[in-house]
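Here is a short briefing on a protein structure. Look at the sequence and the model first, then read the points below.

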Number of protein chains: 2
Amino acid sequence: MRTTYAVGVDVGGTRIAAGLVERKGRMVKEAKVLTPKNGPFAVVDAVIDLINEVMATTHPSEIAGIGIGLPAQIDFLKQSIEFCTNLPLAGVDVRSLIMSRIRQDVTIDNDGHCAGIGEARFGAAKGVRDCVMITLGTGVGGALLLDGEPYRGSRGLGGEIGHMVVRLDGPPCPCGGFGHIESYLGRPAIAARGREAARAYSGQDIRDRANGDAEAVTAEHVVQAALAGDEIARGILIEAGGILGEALVGIVNLLNPRLIVVGGGIGESADMLVARAAEVIAEKALAGRRDVKVVQAQLGNDAGMLGAAGLAFDEHDSREGLHR
Amino acid sequence: MRTTYAVGVDVGGTRIAAGLVERKGRMVKEAKVLTPKNGPFAVVDAVIDLINEVMATTHPSEIAGIGIGLPAQIDFLKQSIEFCTNLPLAGVDVRSLIMSRIRQDVTIDNDGHCAGIGEARFGAAKGVRDCVMITLGTGVGGALLLDGEPYRGSRGLGGEIGHMVVRLDGPPCPCGGFGHIESYLGRPAIAARGREAARAYSGQDIRDRANGDAEAVTAEHVVQAALAGDEIARGILIEAGGILGEALVGIVNLLNPRLIVVGGGIGESADMLVARAAEVIAEKALAGRRDVKVVQAQLGNDAGMLGAAGLAFDEHDSREGLHR
């Protein structure tokens, strides 16, 4: 049966959002809550409440299922949570807990994969078969769309673009490695460059945005200063974009994608960073691959929720033997 | 109709080899010739002669088709040769030239992809669905097997593992880039490290293998000395293996493969290099991905030819609507 809606849930370290989504990606109802900090079952209960809230006025038979994006490493085939840094969900059978309370099929996936599915179905990568998505936020994540399908790897753990080395023995990465993409492009790395600049006289514009306290500078202050035209802040983001570009050259040489979508809070706001990365790719990728387009993501914070809903539609349709 | 044989051809810069291959990978007839240096049509003629030679005693209806691996960047969907560094084949319609003379279907592919298909169907990656193959030879190439299929990218140009950056602003790479995997792992890079060692007193074992001439040391001399137990030579290969490992950590984090197959002349002989790369991956890959196996390739120089034949079987079967 051709269902009308799916529920997409995006579970973040700070906030949980759920939406009732139509097949073409229109969100007809939305609900949000701050992420509970008192244990895994409080998180699961909050998710259930949100789902019930957005489903309340819809008949269950109209719903294809529920997709949930989690900030965790998920074994997609087993539907199990292997690791979860920011929430105490590792090993918790979130899917069964929710299915037992809400009589709908539930599919869980990594939040980065969900955001990728969202952009692929409804956003910047719509209609593209081979696409690399990279998310620049506090961490650097990503997702791969290969031959028209999300590619998750042998255990559902693929797509960790942030943890590819770009400088052997380079600066430390939050994961414990060194010289990874995230060592240069995550919010902490950009904030550190911003603080460095703000301590000098020339970094006044950045410093002003942190109320004159160089030590309080965040990545967002750097982006704001850059968007307002401050050359020092622009320099930081253009330098970061150059490093991103070098890393993406390698990924372009490896995967020969048609499109690269740069998302996440930093990726969607820092357009000069993305533009610089695109320049480096156009200049340095191996011949024949330089026609890859580099664009910013379109769905913002909704990408994960919309993608989770898209995933629920896909799972429903493959269960029913339907094809898109 | 279920055919018995395919012809696989491996066109190299030095030598062309063709084989008549059974469905399970047994090569029943083989022929080789040095690669002609007098223009593209001489190369095509040599390929045609070899194909005729190995097909001579077989009825055409028993042959599924012809697969040809070329040392070139090939747009697989268009079946066109985009770039070819070592042979003058760019833009030459090799496929039509051969099909017009031999009444069989011809499929061309990059030689690295063919070697990957060979290992995947008949060698070290048999039965594995998610595998990264890396070839350490004069250049560093590779192939991706994702969800059980060769992944070629949007224009058939994927798999260039050698041209991923591992050290921003690192040593030059033959492709014009800097700090790529090939900058450290290609034959020229290993030979340069060997010459450096051979100029010093402690590099005597390596020097001896080049008849006492430090400037004549090749990568093979380093590998031979290492296999014979020379600590300096072993050190060079273990260092290179460490760099390979760091690069593969990134690829494991990105693609979460089940298996990594290391092939090519250097990869298949330098076992301590491969063992060191495996150690680094086991230690440094993100949690959950460290169970990836790292093995040496099994098919040696025949991988490309066997894979080209495998490709011909696949293309035949998909034309006929058969499934493996």
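**Briefing**

Chain A has 11 helices and 12 strands; both are DSSP runs numbered from the N terminus, helices being H or I with at least four residues and strands E with at least two. This is a predicted model, in which local features need pLDDT of at least 70 and side-chain atom pairs count only at pLDDT 80 or more, while totals for chains, interfaces and linings use all residues. Residues are numbered from 1 along each chain as its sequence is written, and chains are lettered from A and ligands numbered from 1 in the order in which they are written.

**Overall shape**

- The C-alpha atoms of chain A fill a box of roughly 60 × 50 × 35 Å along the principal axes.
- Of the 324 residues in chain A, 56% are buried, that is, 20 or more other C-beta atoms, placed from the backbone, lie within 10 Å of the residue's own.

**Strands β4 and β7**

- Strand β7 (residues 106-110) of chain A is largely enclosed by the rest of the structure, because 5 of its 5 residues are buried.
- Strand β4 (residues 63-70) of chain A runs parallel to β7(A), and 5 bridges join them; strands pair if DSSP finds at least two bridges between them.
- In β7(A), D109(A) stands opposite G69(A).

**Contact between the chains**

- Chain A and chain B each give 39 residues to the contact, where two residues touch if their C-beta atoms, placed from the backbone, lie within 7 Å.
- On the side of chain A that touches chain B, β6 (80-83) and α8 (231-255) each supply at least two residues.
- The largest share of that side, 8 residues, comes from α8(A).

Methods
Buried ≥ 20, exposed ≤ 12 C-beta atoms within 10 Å, placed from the backbone.
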